[in-house]
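Take a look at the chain below before reading on. This report goes through its helices, its surface and its charged pairs.

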Amino acid sequence: MSAEGTEFDKADVTSVPVHELEALRLRLTQLTHSLNGLQGQIQQAHLPSWPALHGQFNVILTQLTSLSATLATHSEVLRKTVTYPLPNFPTVTQQGLLTTLLRKKNLPEVEEWIKEGEEIAKDIDLSKDDEFCRWANKMVEEFRDEHQWAGFLTTKEIESGKRDDGIGIKKSESDGGWSIDEVLKYMSTGEIKGQKESVGIDQ
């Protein structure tokens, strides 16, 4: 056994939150794969259909929600977890990886995203959303109360004495109209009342 293997075996890894890190790695891998797929679709010469893009967006939003839930669930453990290299870590050849693992600040582009989001959030008044919801609910209730949903008249028209005559289909032919059976027969066969031949289209 090499000296490096011996030093690694002596390291205490019992306190490493393997379960939490694996759950986080899985969520990040899924999200990275979906984002790469979306980037590839957008960079094509011809954009995919809107339903395909919409479906991809929904997948990414679902994965982001899952990632946020995983971070929230294991936030206490992850907050207390500290990354540090073992004595046998190849710091010379893996300096880039080591710098990434030990970074305490966000990447410059991430800092820019955060600042941009904070600036946008300053102009958002959540109380206005509540006011809009209350207004919309009130309008829906008023519109609902104005109608008699069993017929074709509003409550106000019914209270004024107006009769609901339906949609105008005659139930008898006493005044020259068609009966319901005759309407259905014409729709299915094209045969007009009093004629046996069907209605055709002139060429």
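## Salt bridges and surface

Glu22 has a relative accessible area of 39%, so it counts as partly exposed. The model shown here is predicted. Glu22 has a charged partner: Arg25 forms a salt bridge with Glu22, and their closest N and O atoms are 2.8 Å apart. Arg25 is partly exposed, at 47% relative accessibility. Why are Arg25 and Glu22 separated by about one helical turn? They are three residues apart in helix H2, so about one turn lies between them.

What is the overall build? The protein has nine helices and zero strands. Buried residues make up 9% of its 203 residues. The protein exposes about 17300 Å², and carbon and sulfur atoms supply 58% of that area. Take the contacts between residues at least 6 apart in sequence: 33% of these join residues at least 24 apart.

Now back to the charged pairs. The structure holds four salt bridges. Among them are these:

| Salt bridge | N to O distance | Helix |
|---|---|---|
| Arg25 and Glu22 | 2.8 Å | H2 |
| Glu76 and Lys80 | 3.6 Å | H4 (residues 75–80) |
| Lys122 and Glu119 | 3.2 Å | H6 (residues 108–122) |

Glu76 and Lys80 are four residues apart in helix H4, so about one helical turn separates them. Glu76 is partly exposed, with a relative accessible area of 44%. Lys80 is exposed, at 63%. In helix H6, Lys122 and Glu119 sit three residues apart, again about one turn. Lys122 is exposed, at 61% relative accessible area. Glu119 is partly exposed, at 47%. Salt bridges with shared partners also join Glu76, Arg79 and Lys80 into one network.

Helix H2 spans residues 18–42 and includes Leu21. Leu21 is partly exposed, at 37% relative accessible area. Together with Val16 and Val18, Leu21 forms a nonpolar surface patch of about 230 Å² accessible area.

Setting aside neighbours within four places in sequence, Ser34 is in contact with Gln56, Val59, Ile60 and Gln63.

One more patch carries charge. Asp125, Asp129, Asp130 and Glu131 form a negative surface patch. Asp130 belongs to helix H7, residues 126–145. Asp130 is partly exposed, at 44% relative accessibility.

Definitions and conventions
Residues are numbered from 1 along each chain as its sequence is written. This is a predicted model: local features need pLDDT of at least 70, side-chain atom pairs count only at pLDDT 80 or more; totals for chains, interfaces and linings use all residues. Side-chain values use heavy atoms; hydrogens and water are left out. Patches are made of residues with over 30% relative accessible area and no salt bridge: like charges are joined within 9 Å, nonpolar side chains (Val, Leu, Ile, Met, Phe, Trp, Tyr) within 5 Å. Accessible areas come from the Shrake-Rupley method with a 1.4 Å probe; for residues, only the protein chains shown count as cover. A salt bridge is a side-chain nitrogen of Lys or Arg within 4 Å of a carboxyl oxygen of Asp or Glu. Lys and Arg count as positive and Asp and Glu as negative; His and the chain ends are not counted. The place of a charge is taken as NZ of Lys, CZ of Arg, CG of Asp or CD of Glu. Helices (H or I, at least four residues) and strands (E, at least two) are DSSP runs, numbered from the N terminus. Buried means under 20% relative accessible area, exposed over 50%, partly exposed in between (1.4 Å probe, protein chains only). Contact means heavy atoms within 4.5 Å.
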